[in-house]
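Please find below a short note for the colleague reviewing this model.

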Amino acid sequence: MKEQKDIVRAYRRYLKLQRGFSPNTLEAYERDLWRLLDYLEGEQKHLLDVQLTDLQHFAAGLHDVGIGPRSQCRILSGVRSFYRFLQLDGYRDDDPTELLESPVLGEHLPEVLTTAEVDALKQSVDVSKWEGHRNRAIIEVLFSCGLRVSELVNLKLTNLYIDERYVRVFGKGSKERLVPISQTAIDELDRWFQCRSEMNIKPGEEDYVFLNRRGAHLTRTMILIMLKRQAVEAGIQKTVSPHTLRHSFATALLEGGADLRVIQALLGHESIGTTEIYTHIDMTTLRQEILEHHPRNLKNKA
């Protein structure tokens, strides 16, 4: 048992130091790994003796206990990462996950808001309250910069280059990127900073851009709750979350003619394949473009 814990600790160091994972990601990987280790303990199987069939039975068990396909894929991705580490670090000569299959997922595309709907979302905010200008700035920064919610809550004043109109963002794996910020977002931030300057800020929290009423930086849950509330106030029937605004940012760029590689860089995606799934043009728009501009349709009109 001690050897197993030592291996898990070594794996955690590998994820933190070599892969550059954030504390939240580390916790998720370790939690999913212990799910496998608990299963192996019940089967009286040592993690270094595991074969493909053992992992296939483990994967089948995830389905049997009601874990959804997307969560199954995440867990099995973590298992593959773990056994690749064991092979890389010399604990094993082979990788038993090479032929391990994950459930097939249908392509899931989140809701997209139009610019008019984003404006309605902002207009629904009550700016007579102190947090109103903060919430409007949050909505605009998410939409104008396409940030992940984790990037937004950790955004620092020292990451803002207002004169140059750039924001420095630290994404997954602490990877840094520069994202342009719109004048509309800058104006909303200026109004929020006027309110922020009158707050009592907790020691150590002074550099965070967005704060709660206690003077500490916001959590992801707080932002999600705020957006859902404002969607109801704005009469928007779509499911709205921080990810919705990020996706709307990417989709607006794509529909405006931006190159997919540029969008990939702005979003901080490692793989262009992720961007291809993440961004899409509404099929109705595509159909209308073909009807209006394809020579066969122009001939028929004539």
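1. What percentage of the 302 residues of the chain count as buried? The value is 40%, where buried means under 20% relative accessible area (1.4 Å probe, protein chains only).

2. This is a predicted model, in which local features need pLDDT of at least 70, side-chain atom pairs count only at pLDDT 80 or more, and totals for chains, interfaces and linings use all residues. Residues are numbered from 1 along each chain as its sequence is written, and side-chain values use heavy atoms, with hydrogens and water left out.

3. The chain holds 14 helices and three strands, taken as DSSP runs (helices H or I, at least four residues; strands E, at least two) numbered from the N terminus.

4. Helix α2 covers residues 23–42. L26, A28, D32, L33, L36, L37 and L40 are the buried residues of α2. Q44, which follows α2, has a positive phi near 55°.

5. Helices α6 (residues 132–145) and α8 (residues 183–196) pack with their axes 8 Å apart, at an angle of about 155°; the axes are lines fitted to C-alpha atoms over the stretch in contact, and angles run from 0 to 180 degrees between N-to-C directions. The pair is therefore roughly antiparallel (angles over 145 degrees). Contact, meaning heavy atoms within 4.5 Å, involves residues including H133, R134 and E140 of α6 and E188, R191 and W192 of α8.

Conventions. Parallel < 35°, antiparallel > 145°, perpendicular 65-115°, else oblique. Expected span 1.5 Å × (residues − 1). Buried < 20%, exposed > 50% of the residue type's maximum accessible area, 1.4 Å probe, protein only.
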